[in-house]
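The points are grouped by topic.

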Amino acid sequence: METRVKAIRRSGRKNLVLRWIDPESGTVREKSARTSSRREAERLAAQIEADIEHGRYVAPARMKWEEFREVFEHEKLPSLSRGSGETYRATFNALEDLLHPQRVKDVTASRISTFQAKLREKGLRETTIAKHLRHVKAALNWGKKLGIVARVPAIEMPKRAKCSKVMKGRPITAEEFERMLAKVESVVGVSAAPSWRYFLEGLWWSGLRLSEALELYWDRDDRLMVDLSGKRPMLRIVGEFEKGRKDRVHPMAPEFAEFLDRTPAADRVGRVFDPQGFGKERRRDWMSRVGAAIGKAAGVKVNTDPKTAKTKYASLHDLRRSFGERWARRILPQQLKELMRHEAIETTLRYYVGQDAENTADALWGAYSKAKEATPKWPAVR
C-alpha cells in the first residue's frame with residue numbers, strides 16, 4: 001500500500017507538521033517539517049514517501065547504529081578523500097570499541113563525555129581526541145540534515161587541544177635519516193628492504209604526504225603524476241588525491257627530480273613507489289605503522305610527553321617536516337606554501353617558528369663578537 005505523507009498546520013505552531021501512517025506498525029507518525037512554507041514541507045513529504053517506498057526510512061529513535069554507519073559510509077564517504085574516509089572509519093571503530101552503541105540515540109552527550117575520557121585513558125593526544133569528536137559530530141549533523149538522526153548531542157571539545165604544540169613531531173636531521181635507512185631491513189625484511197629504502201628516500205626529497213606518495217604515477221594523468229616533459233619537472237595533482245581537493249600543477253623540488261632521474265626511462269611505468277610486504281591493499285594506516293617502527297628501531301625520538309613521559313619516534317610525516325624545514329631556509333614563505341601545497345600561509349609559517357629566532361640570535365652573537373674584538377681590553381682592576 002502506498003504511503004501518503006501529508007503536510008498539516010497545527011493551531012499555535014509556526015511550522016507545518018508532516019503526518020503519515022507507518023506501514024509496518026500501522027501507527028500514526030508525525031514529524032516537524034521545520035518550515036512554515038507549504039512548498040518546502042511538501043518537498044520533504046515527497047522525500048519521506050520515497051524513502052518509505054524503497055525501504056530507506058527508519059524512525060530516528062529506532063535506527064540502529066550499524067545501519068546509520070552503513071548509510072553514512074555508502075552515501076557520504078564516496079564524496080570525501082580517501083584519507084578522510086579512513087579517518088571517519090577509525091573514529092567509528094573507536095566509538096564502537098569503547099561505547100558499544102546499539103542505536104543512534106545511544107550516542108548522547110553523557111556517553112560522548114565517557115568516550116572522551118576513555119580515549120584519554122588509552123593515552124591518545126588531545127588533538128587526536130578532538131579529531132575523533134569532530135568526526136562524530138559531523139556524522140551526526142549529516143544524519144540530522146537527512147532526517148535520520150533526531151538530535152545532535154552537545155559535544156564539548158577538549159580545551160587542552162587548543163594549547164597543543166605547533167608540530168606533533170619535529171624535522172629530523174640527515175644523520176637521523178641515515179639511521180632510519182640503516183634499520184629498514186630489520187623491520188621489513190631483506191626482500192622488501194630495497195623498495196622501502198627507495199620509498200623513504202622519495203619522501204625525504206619530495207615532501208609528499210603519505211597518501212600522495214602512494215598514488216604517485218609515472219604515466220597516469222588521471223592520478224597524481226610526475227611530469228618531466230616541460231622546462232621544469234612538475235607534479236600534476238588530481239583533486240581526488242590531493243588534500244585541498246583541487247586539480248593543481250605544482251613545482252617539484254630539484255633534489256626530487258634528480259632522485260627520479262635515477263630510474264631508467266624504460267622503467268618509468270606504473271606507480272613511482274611500490275613498497276613491498278603488505279599485499280594488494282595499500283592501507284595508509286599500515287604504512288604509517290611500518291614507518292613508525294623504522295623510526296623506533298633507529299632510536300630517532302621526536303617528542304616526549306611531559307606528563308606521561310611517553311616517547312614518540314620518527315614517523316613518515318616527519319620526513320615531510322624535514323623537507324619543509326630545509327626549504328624554509330632557501331625560499332620565501334609564499335614560495336614554500338606552494339611547494340608544500342598548503343591551503344593557508346599560517347601552516348607554512350610554522351616552519352619558520354624558531355628559525356627566525358635562531359637567525360636573529362646568530363646575528364646578535366655575531367655582532368657581539370665583532371664589537372667585543374673592537375673594544376679596547378682594559379687591564380683588570382685589582
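Helices α2 and α3 are roughly antiparallel to each other, a label given to angles over 145 degrees, while under 35 degrees counts as roughly parallel, 65 to 115 as roughly perpendicular and the rest as oblique. This is a predicted model, in which local features need pLDDT of at least 70 and side-chain atom pairs count only at pLDDT 80 or more, whereas totals for chains, interfaces and linings use all residues. Residues are numbered from 1 along each chain as its sequence is written, and side-chain values use heavy atoms, with hydrogens and water left out. Helices are DSSP runs of H or I with at least four residues, strands are runs of E with at least two, and both are numbered from the N terminus.

**The pair α2 and α3**

- Two packed helices are described by the angle between their axes and the distance between the axes.
- For helix α2 (residues 65-75) and helix α3 (residues 82-99), the axes come within 12 Å and cross at roughly 175°, where axes are lines fitted to C-alpha atoms, for helices over the stretch in contact, and angles run from 0 to 180 degrees between N-to-C directions.
- On the α2 side, Trp65, Arg69, Phe72 and Glu73 meet Tyr88, Arg89, Phe92, Asn93, Leu95 and Glu96 of α3, contact being defined as heavy atoms within 4.5 Å.
- By class, this contact of α2 with α3 has 5 nonpolar, 1 polar and 4 charged residues, where Ala, Val, Leu, Ile, Met, Phe, Trp, Tyr, Cys and Pro count as nonpolar, Asp, Glu, Lys and Arg as charged, and the others, Gly among them, as polar.

**Thr87 in α3**

- Thr87 is found in helix α3, and with a relative accessible area of 17% it is buried, a term that means under 20%, with exposed over 50% and partly exposed in between (1.4 Å probe, protein chains only).
- Leaving aside residues up to four places away in sequence, Thr87 touches Lys131, His135 and Arg284.

**Helix α1**

- The 16 residues of helix α1 (residues 38-53) should span 22 Å at 1.5 Å a residue, and the end C-alpha atoms are 22 Å apart, which agrees; the expected span is 1.5 Å times one less than the number of residues.
- The buried residues in α1 are Ala41, Leu44, Ala45, Ile48, Glu49, Asp51 and Ile52.
- These residues lie on the same side of α1, because they cover an arc of only 160° around the axis, the arc being that of the directions from the helix axis to the C-beta atoms.
- Exposed residues Arg39 and Glu53 sit on the face of α1 turned away from its buried side, and α1 is followed by Gly55, whose phi is positive, near 75°.

**Helix α4**

- In α4 (residues 109-121), the buried residues are Ile112, Phe115, Gln116 and Leu119.
- They cover an arc of only 100° around the axis, which puts them on the same side of α4.
- The buried residues of α4 pack against α3 and α5 (126-145), whereas Ser110 and Glu121 are exposed on the face turned away from the buried side.
- Ser113, also placed in helix α4, counts as partly exposed at 44% relative accessibility.
- Although Ser113 and Met157 are 44 residues apart along the chain, their C-alpha atoms are separated by 9.5 Å.

**Helix α11**

- Helix α11 (residues 316-328) is mostly covered, since 11 of its 13 residues are buried, and among them are Leu316, Phe323 and Trp327.
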